[in-house]
Amino acid sequence: MQKGIRNVLMLASLPLAMNLAFAAPAQKAAAPAASAAPAAGPTLSAEDKAAAGKTYFERCAGCHGMLRKGATGKNLEPANTAKLGSSRLEKIMSYGTEGGMPNFDDILSKKELADMATYIQMPAEAPPEWGMKDMKASWKLAVPVAQRPTKQMNNVNLKNIFAVTLRDSGEVALIDGDTKKIWGIVKTGYAVHISRVSASGRYVHVIGRDGRYDLIDMWYEKPTIVATMKAGYEARSVDTSKYKGFEDKYAVVGSYWPPQYAILDGETLEPLKLISTRGVTVDGEYHPEPRVASIVSSHDKPEWVINIKETGMIKLVDYSDINNLKEVTVNSAKFLHDGGWDASKRYFLVAANASNKVAVVDTKEGKLAALVDTAKIPHPGRGANFTHPKYGPVWATSHLGADVISIIGTDPAKNPQHAWKVVQEVKNHGANSLFVKTHPKSKNLWADAPLNPDPKLAGSVTVYTIADLGNPDPKPQVLDLAAAADLGKTKGIQRVVHGEYNEKGDEIWFSVWTGNKTEPSAIVVLDDKTRTVKNVIKDPRLVTPTGKFNVYNTQYDIY
């Protein structure tokens, strides 16, 4: 276990692949326990407790919180879990729920499930803090800016590169979208959540769930990490400064733990400013763990939209003068998660998934435009923008807790009667969806359902012809992409996740994975027009590929 934090339970949960260079300083003391230990109750050996803590971090903390207070997932503090008991908890974890929790019986052993049931009946303990001093100590500038290439040193079409998260190997694969070949693989943090592209299109910024942040320079012959730092113990989101005059100047990274965001130098990742997000929720109650769920960068002003999960507050952060930082706080609803711009890039739409709403922020006016009621637990990714044949410009989200796609009007100027309303709901092939996708050049709307416990549904995608959505009862096509990947028989369910378009908008890529790094995975590339398989990318190095981020579409927020 890492030096100086041997007795901190949640640090035992950090991935074993975490580089020791990012360990907490030896003098760092653990924060007080979240709640006092009971006189008697469920117990585990130190070894089993550490193993269960690691599994909780990797599989559960994202939805339920490091302190287990709940957000997208339910509160898992002992007062609630003890009522259910070990047997019931094991069944829930084994088989999943209709509310969006996947089954884990194909990933975790019976002993691991039993230990986890015991672990979540034990008091949660808080990890230590991670402040500016720690960030600066973790910062490694591998190549100073002056020593980097002054021109692109390869012949790769960088606009059509896909940054692909290899979840369980702690890597990112840069795949050439033209040749469908792996251009390079770089070692990163554990389970990179997203990749974001600098305004110049040169750099890929990646953040691991373990808080490790890497800056990849694509001008080298092979993709090269030129800087790295550790933002915290758990993180999900990064972005860069994209407004004219600030291109590549700043980067921003948000942490789940500690709950905070940091502003960095965009070309070196040197930490410059740290801002806590702890505070009072929209309900007026203090929360110790308001995590930074997602961040997007405006193209129209020097501003980031930073979404604070537990408080239900959206921060519009003006980065034009970071020494005198200005925040506009917009109250919305809990618990904020992911979202994206409408087609005009004036309005930002974000899922408040525990409230079954989508919050709409007018970034031009700096205020909440609407709270839109949706089906259960919206989970849009970035969402999908298109022109509906009946309702005009719209944005769509799928759902973890319902087998529908909600379509929301987004044009208050020319279609005010439809703006900020769910104008249509169409069927997805199953609930437990994570992403919905289209492209300005596409005539299709796609949705996955990877967390569904039914193998057939988890391995399939729904696709609608956008023109057909104007009909009274539009019918989708459901494609079994797990079968198309032809991975053979696997222990784990073959789940299809995260559609991503290529630069031209004529291909859509889906990952097929089992959630087990010892079993094969693949990426299925479809011709968007014909909906037929063009390529199946298979390579032993493709270990549980998940998110795929096309450089051009990510650089310009095209979705």
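This section describes the sheets, nonpolar cores and salt bridges of a predicted model.

Five strands are arranged as an open sheet in the order β1-β8-β7-β6-β5, with antiparallel pairing. Strands β1 (140-141) and β5 (194-197) lie at the edges of this sheet and have a single partner strand each, so that one side of each is left without a neighbour in the sheet. Within the sheet, β6 (residues 203-207) and β7 (residues 212-217) are paired in the antiparallel sense over five bridges, and isoleucine 207 has tyrosine 213 of β7 as its bridge partner.

Strand β21 (residues 357-362) runs antiparallel to β22 and is joined to it by six bridges, with alanine 359 having leucine 371 of β22 as its bridge partner.

The largest nonpolar core comprises 46 residues, and those with the most contacts inside it are Tyr56, Tyr213, Val253 and Leu264. Helix α5 (residues 110-119) supplies the largest share of this core, namely four residues. When residues up to four places away in sequence are not counted, the residues touched by valine 253 include Ile207 and Tyr213, the two that are bridge partners between β6 and β7, and also Ala231, Val238, Leu264 and Ile295. A second, separate core of 16 residues includes Val463, Leu479, Ile508 and Val524.

The structure holds 28 salt bridges. In one of them, the side chains of glutamate 507 and lysine 180 meet at 3.2 Å, N to O; this pair links distant parts of the chain, with glutamate 507 in strand β32 (residues 507-513) and lysine 180 in the loop between β3 (171-176) and β4 (181-187), 327 residues apart. Both glutamate 507 and lysine 180 are buried. Aspartate 239 forms a salt bridge with lysine 242, for which the closest N and O atoms are 4.0 Å apart; aspartate 239 is buried, with a relative accessible area of 0%, and lysine 242 counts as buried at 8% relative accessibility.

A salt bridge is also formed by the side chains of glutamate 365 and arginine 346 (4.0 Å, N to O), which lie in the loop between β21 and β22 and in the loop between β19 and β20 (347-352), respectively, 19 residues apart. Glutamate 365 is partly exposed, with a relative accessible area of 47%, and arginine 346 counts as partly exposed at 25% relative accessibility.

Note on methods. Residues are numbered from 1 along each chain as its sequence is written. This is a predicted model: local features need pLDDT of at least 70, side-chain atom pairs count only at pLDDT 80 or more; totals for chains, interfaces and linings use all residues. Side-chain values use heavy atoms; hydrogens and water are left out. Two strands pair if DSSP finds at least two bridges between them. A nonpolar core is a set of buried Ala, Val, Leu, Ile, Met, Phe, Trp, Tyr and Cys residues joined through side-chain atoms within 4.5 Å. Buried means under 20% relative accessible area, exposed over 50%, partly exposed in between (1.4 Å probe, protein chains only). Contact means heavy atoms within 4.5 Å.
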